[in-house]
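Student: Hi, could you walk me through this model? I'd like to ask things as they come up.

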Amino acid sequence: MARIVKNRDVRRSEILEVAQRLFYQKGYEQTSIQDIINEIGIAKGTFYHYFGSKQELLDAIIEWMVGQTLQTLQPVVEDEQLSALEKFNQYFAQAENWKVENKTFFLDILRSWYNDDNAIFRHKIETASIREVIPTLAKIIEQGIAEGVFAAHDPVEIAEIIMGIGYQFSRSIAATLLDTAANEYCLPQVEKKVTAVQFAIERVLNAPAGSITVFDIERTKHWFD
């Protein structure tokens, strides 16, 4: 049978997609280059034509994933019809909506994501996401300052603080979701966390009370259905 030759970009994307899936399923530490090669059905030399090592592959996956996230969120930031508050809330709502719409898939990922074998992968993704998202989020904060709804001295520093709050909240909710005893009785605790986080972000931005809804409680309730 004739060997299938794929476009360079197509082959590279295929390696990234398969590696990302295997990292989620098995953990970064437990996934070998040979596992990836076997899954795709390519020669070892083909893999090394694109990536010099597993670490180089990991860095490429992180850059690829963060780039996809920014590409999705950029239209919100650039929409001249939206106020800063609308942009700020939509910025976070888009990511949350995707998770709710793909609940089963996301929960499967979550179990692997917080496995100890994925500690390096998780840390690198979070660090890269914060680094890349901060300038974009800072633009929204700058617009809010200009519109008089935010009062922040340094938009970049404030964006970094908000991202830190958001990731800490996500870890807390993930721990609750992954607890086998988690059910509807956890909702009051989750609601308290949502309220506290949004209040904290409002205070950091000096935004009007009740104006920040980055974690909508109705969307959050879907995790416990």
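Tutor: Gladly! First a definition: helices (H or I, at least four residues) and strands (E, at least two) are DSSP runs, numbered from the N terminus. This is a predicted model, where local features need pLDDT of at least 70, side-chain atom pairs count only at pLDDT 80 or more, and totals for chains, interfaces and linings use all residues. Residues are numbered from 1 along each chain as its sequence is written, and side-chain values use heavy atoms, with hydrogens and water left out.

Student: Thanks! Where is Ala 209 found?

Tutor: Ala 209 sits in the loop between helix H9 (187-205) and helix H10 (217-221).

Student: And is Ala 209 buried or exposed?

Tutor: Ala 209 counts as exposed because its relative accessibility is 69%. The cut-offs are under 20% relative accessible area for buried, over 50% for exposed, and partly exposed in between (1.4 Å probe, protein chains only).

Student: Zooming out, how many helices and strands does the protein chain have?

Tutor: The protein chain has 10 helices and 0 strands. Of its 225 residues, 44% count as buried.

Student: Let's look at H4. What span does H4 reach?

Tutor: Helix H4 (residues 54-78) has 25 residues and reaches 36 Å from its first C-alpha to its last, close to the 36 Å expected. That expected span is 1.5 Å times one less than the number of residues.

Student: Where does H4 bend?

Tutor: At Thr 72, by about 35°, and the proline Pro 75 follows within four residues. A bend is the angle between axes fitted to the seven residues ending at a position and the seven starting there.

Student: Which residues of H4 are buried?

Tutor: Among them are Leu 57, Leu 58, Ile 61 and Met 65. Leu 57 touches Ile 15, Leu 16, Ala 19, Phe 23, Ile 36, Phe 47 and Phe 51, not counting residues up to four places away in sequence. Contact here means heavy atoms within 4.5 Å.

Student: Now H7. Where is its kink?

Tutor: The kink in H7 is at Ile 134, about 40°, shortly before the proline Pro 135.

Student: What span does H7 have?

Tutor: The 29 residues of helix H7 (residues 119-147) should span 42 Å at 1.5 Å a residue, and the end C-alpha atoms are 41 Å apart, which agrees. Just after H7, Gly 148 takes a positive phi of about 85°.
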